[in-house]
Amino acid sequence: MELVGVDLNATLIAQATRLAGVERLRCRFVTGDAFEPGVAVEDGARTIVISTGLLHHLPAAQLPEFFAAQRRLGVHAFAHWDFDAGPWATLGAWVFHRARTREAVSRHDGVLSARRAHPAAALLRAARLGADGYRIACVDGPRWLPRLTHVVRPITGTRA
Amino acid sequence: MTGSAWAVASALLVLAALDGAFAGFRSSAGRTGLIRHRRGDVVAAARGCRTVLLLLVPVLGGVLADVLGGAVLGGAVLGGDVLGGAARVAPYLRAGQVMLAVYLPYAAVVLAALAGHALLDWRRRFLATALVLGPGTLIRPVVVLAGAAAGAWAAHDVLVGALALLAAVAVLAVQPVADRCWYGPRRRSRPA
């Protein structure tokens, strides 16, 4: 198995590469668009695309294209974790970031991330639209009940 | 000093050292991006512990000067301990007992959550942070100052009250000092 990390930001990739070297991790990092053929995915059928905390950075209108790009690469599966949106996630994010982060931008962005997370229904709709031919799954918890052990949940797709 | 006075003083010192260690850890946590950071955590905790003990030196010096000075004065001038050292210990003992009554329940809850954080899986670890450690960190300055204020009130003594509040300030200063000396953004931007 080969682990490849991809980001558009060359500075972040350089730092990730340096840290991986320090810890002697068996992975590599590349700068570029992860969905550009040849950047990170060489054999789609043997590739699983995963991300954490990425989806809420995309506007709802761009979600179908996000999933469609993975379909075009023919990836075997994808799993993208993000906040299970709701008032409890927002409150938890506020407490967590106040307690664990010090930089103002992190405290601000952490709470905004929880607030702008897409509900499961929107993700499912976009994934079914963009990644036709994949078995899609994503489940939200009850909105008004706190589910403190399920703060993030994935949307998954596997080739049918 | 009586046995109970030593016990109260020791308990407060242990709590301060623990709080200093955690403050040092908080100052360093998440700064490097490394996955394995236990050694860095230990170093940061040791730095926090040393820092709080150093910041408390003026307080400990003030307490010792007051109590021992009173004892010497009582022995030399009054020929006994009644109006000297033992009498000066009493307000410190009252203040210390009240401070412990405030700090011990808080410390017990935080230590229980930390034990959970160390033993549970990552989902429940987040739960311990979100429910206990996060709010505990947020209310920590209030708890520290409330304990000192309650101790100062119970002591009925201006000097004891002032030293209690000075001790609280010293405890709260550990994280800013650690940020400034070792872990803040300006320190990290310098070449290693």
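Which residues in α6(B) meet which residues in α7(B)?

## Two packed helices in chain B

In this predicted model, B:Ala170, B:Val171 and B:Leu172 in α6(B) meet B:Val174, B:Gln175 and B:Pro176 in α7(B), where contact means heavy atoms within 4.5 Å. Sorted by class, the residues of this contact are five nonpolar, one polar and no charged; here Ala, Val, Leu, Ile, Met, Phe, Trp, Tyr, Cys and Pro count as nonpolar, Asp, Glu, Lys and Arg as charged, and the others, Gly among them, as polar.

Two packed helices are described by the angle between their axes and the distance between the axes. Helix α6 (residues 158-172) and helix α7 (residues 174-183) of chain B pack at about 40 degrees, with axes 4 Å apart. Helices (H or I, at least four residues) and strands (E, at least two) are DSSP runs numbered from the N terminus, while axes are lines fitted to C-alpha atoms, for helices over the stretch in contact, with angles from 0 to 180 degrees between N-to-C directions.

## The sheet of chain A

Chain A holds an open sheet of four strands in the order β3-β4-β6-β5, with mixed pairing; two strands pair if DSSP finds at least two bridges between them. Because β3 (48-52) and β5 (134-137) stand at the edges with a single partner strand each, one side of each is left without a neighbour in the sheet. From one strand to the next, the twist averages 10 degrees.

Strands β4 (residues 77-83) and β6 (residues 152-159) of chain A pair in the antiparallel sense over seven bridges, and A:Asp82 has A:Arg153 in β6(A) as its bridge partner. Helix α2 (residues 63-73) of chain A lies across β3, β4, β5 and β6, running at about 155 degrees to β4(A).

## Where the chains meet

The contact between the chains takes 26 residues from chain B and 17 residues from chain A. Together they bury about 1,800 Å², 63% of it on carbon and sulfur atoms, buried area being the accessible area (1.4 Å probe) that two parts lose on being put together, summed over both.

Across this interface there are two salt bridges, each a side-chain nitrogen of Lys or Arg within 4 Å of a carboxyl oxygen of Asp or Glu. A:Glu23 and B:Arg36 meet in a salt bridge (3.6 Å, N to O).

## How the model was read

Residues are numbered from 1 along each chain as its sequence is written, and chains are lettered from A and ligands numbered from 1 in the order in which they are written. In this predicted model local features need pLDDT of at least 70, side-chain atom pairs count only at pLDDT 80 or more, and totals for chains, interfaces and linings use all residues, while side-chain values use heavy atoms, with hydrogens and water left out.
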